Amino acid sequence: MLIRGEWTHLALAGLLSVACAAQQTPAAPGSDNSSKPSQVKTIEEARAALTKAEAEHPGNTLEVAGALDNLIELEADAEKVDDETLNQANREAAVAEAAAGQQSEAYATALVNIAKVYSILSRAGEGRPVAERAFALAQKKFPNTELFSNAANALADLCFTLGDYAGALKGYDAAVEAAHGAGAGHELALATALSGRAALKDL
């Protein structure tokens with residue numbers, strides 16, 4: 001099976017050099033993810049932030065969900081994803097559901113993370129149903145947001161890997177539209193979607 005990242009690594013790297021400079025936009029006030037730790041840039045710092053969140057906000061809290069989200073993102077960026085990362089993503093979903101419900105931004109974010117981890121682990125068949133749930137929830141509750149763009153990108157990547165190129169194109173198109181709708185500060189999601197569409201044209 002084709003792995004989407006094998007086609008687009010160089011193209012995305014070029015786009016990210018521009019996008020990363022604009023990715024410091026803080027979470028909107030009142031957002032579920034406003035509890036996400038700030039100024040955490042390494043996996044070690046993220047693990048320490050998670051331990052701190054668990055101590056200061058024990059139980060099923062948005063602070064713990066946000067700390068897990070940050071840790072998973074950094075592990076994925078560093079390509080240090082394994083079964084433990086999948087366990088973390090599933091825990092994030094359980095915590096977010098208990099803290100804010102299945103219609104929340106935090107829960108949708110966790111579903112996206114689960115889908116991404118499955119993709120990285122080359123378990124696309126297991127990841128696609130989760131990605132479809134994330135896509136449907138984000139499309140309904142959070143359209144024209146980076147969250148919906150991320151959900152669409154995750155689903156598109158899995159479709160690409162599974163050889164469903166029509167589904168992948170639909171996902172990337174939705175991701176591009178959502179990233180544009182989200183406005184400034186969401187260039188990374190836009191770059192990811194554009195690189196995916198470019199990879200489809202190379203087939």
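Asn144 is partly exposed, because its relative accessibility is 45% and this class lies between buried (under 20% relative accessible area) and exposed (over 50%), with a 1.4 Å probe and protein chains only. The model is predicted: local features need pLDDT of at least 70, side-chain atom pairs count only at pLDDT 80 or more, and totals for chains, interfaces and linings use all residues. Residues are numbered from 1 along each chain as its sequence is written, and side-chain values use heavy atoms, without hydrogens and water.

Asn144 sits in the loop between helix 6 (124-141) and helix 7 (146-162). Helices here are DSSP runs of H or I with at least four residues, strands are runs of E with at least two, and both are numbered from the N terminus. Asn144 is not a glycine, yet its phi is positive, about 55°. Most residues other than glycine have a negative phi. Glu79 also is not a glycine and has a positive phi of about 55°. Glu79 belongs to the loop between helix 3 (62-77) and helix 4 (83-100). Glu79 counts as exposed because its relative accessibility is 67%.

Which residues does Asn144 contact, leaving aside its neighbours within four places in sequence? They are Glu177, Ala178, Gly181 and Ala182, where contact means heavy atoms within 4.5 Å. Asn144 and Ala182 are 38 residues apart in sequence, but their C-alpha atoms are 5.1 Å apart in space.

Helix 8 covers residues 165-182, 18 residues in total. The expected span of a helix is 1.5 Å times one less than its number of residues. Helix 8 should therefore span 26 Å, and its end C-alpha atoms, 25 Å apart, agree with this. The buried residues of helix 8 include Gly167, Gly171, Tyr172, Val176 and Ala178. Just after helix 8, Gly183 has a positive phi of about 85°.

His186 lies in the loop between helix 8 and helix 9 (187-201). Is His186 buried or exposed? His186 is buried, because its relative accessible area is 17%. The side chain of His186 makes a polar contact of 2.8 Å with the side chain of Glu146. A polar contact is a pair of N or O atoms within 3.5 Å; within protein, one must be able to donate a hydrogen and the other to accept it, and residues adjacent in sequence count only if both atoms are side-chain atoms.

Glu146 also takes part in the meeting of helix 7 and helix 9. Glu146, Ser149, Asn150, Asn153 and Phe160 in helix 7 meet Ala189, Thr192, Ala193, Ala199 and Leu200 in helix 9. The axes of these two helices come within 9 Å and cross at roughly 25°. Helix 7 is therefore roughly parallel to helix 9, a class for angles under 35 degrees. Axes are lines fitted to C-alpha atoms, for helices over the stretch in contact, and angles run from 0 to 180 degrees between N-to-C directions.

The protein has 9 helices and 0 strands. Buried residues make up 44% of its 203 residues. Among contacts with a separation of 6 or more, 67% join residues 24 or more positions apart.

Key. Parallel < 35°, antiparallel > 145°, perpendicular 65-115°, else oblique.
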